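Me: I've got a model open and I'd like to learn how to read its features. Can you walk me through a few?

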Amino acid sequence: MSGGSPGHAVMVADEAVNPKGEKVFLLLQSYMPAQEIHVIKNPNDGILSPWYRTEVIGNSFRTMEWQFDRYKLGHF
């Protein structure tokens with residue numbers, strides 16, 4: 001989440017796990033106060049997009065507009 005006027009929020013919307021235990025996650029974003037919510041495309045994997053693989057993000061991952069440290073990726 002990034003404060004400001006307006007602020008910005010990126011949220012984990014869903015997680016999927018295949019039989020091998022490999023995980024992918026789906027991100028949403030919105031400006032604050034809450035406005036329209038959008039699914040974020042994955043600029044690093046056009047085949048899997050909009051999903052992100054947890055196994056390949058390393059210490060950080062990038063969306064179209066933001067870069068996040070892996071430790072900021074929460075679980076719900």
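Me: Which backbone nitrogen lies 3.0 Å from a polar atom of the side chain of Asp 45?

Reply: That of Leu 48. Before we go on: this is a predicted model, where local features need pLDDT of at least 70, side-chain atom pairs count only at pLDDT 80 or more, and totals for chains, interfaces and linings use all residues. Residues are numbered from 1 along each chain as its sequence is written, and side-chain values use heavy atoms, with hydrogens and water left out.

Me: What polar contact does the side chain of Asp 45 make with another side chain?

Reply: A polar contact is a pair of N or O atoms within 3.5 Å; within protein, one must be able to donate a hydrogen and the other to accept it, and residues adjacent in sequence count only if both atoms are side-chain atoms. Here the partner is the side chain of Arg 53, at 3.2 Å.

Me: Is Asp 45 buried or exposed?

Reply: Buried means under 20% relative accessible area, exposed over 50%, partly exposed in between (1.4 Å probe, protein chains only). Asp 45 has 18% relative accessibility, so it counts as buried.

Me: How do I read an aromatic pair, and which residues form one here?

Reply: You describe two aromatic rings by the distance of the centres and the angle of the planes. Rings of Phe, Tyr and Trp (its six-membered ring) pair if their centres lie within 6.5 Å; planes under 30 degrees apart count as stacked, over 60 as edge-to-face and the rest as tilted. The count comes to 1 aromatic pair: Phe 25 and Tyr 52 are stacked, 5.5 Å centre to centre with 20° between the planes. Both Phe 25 and Tyr 52 are buried.
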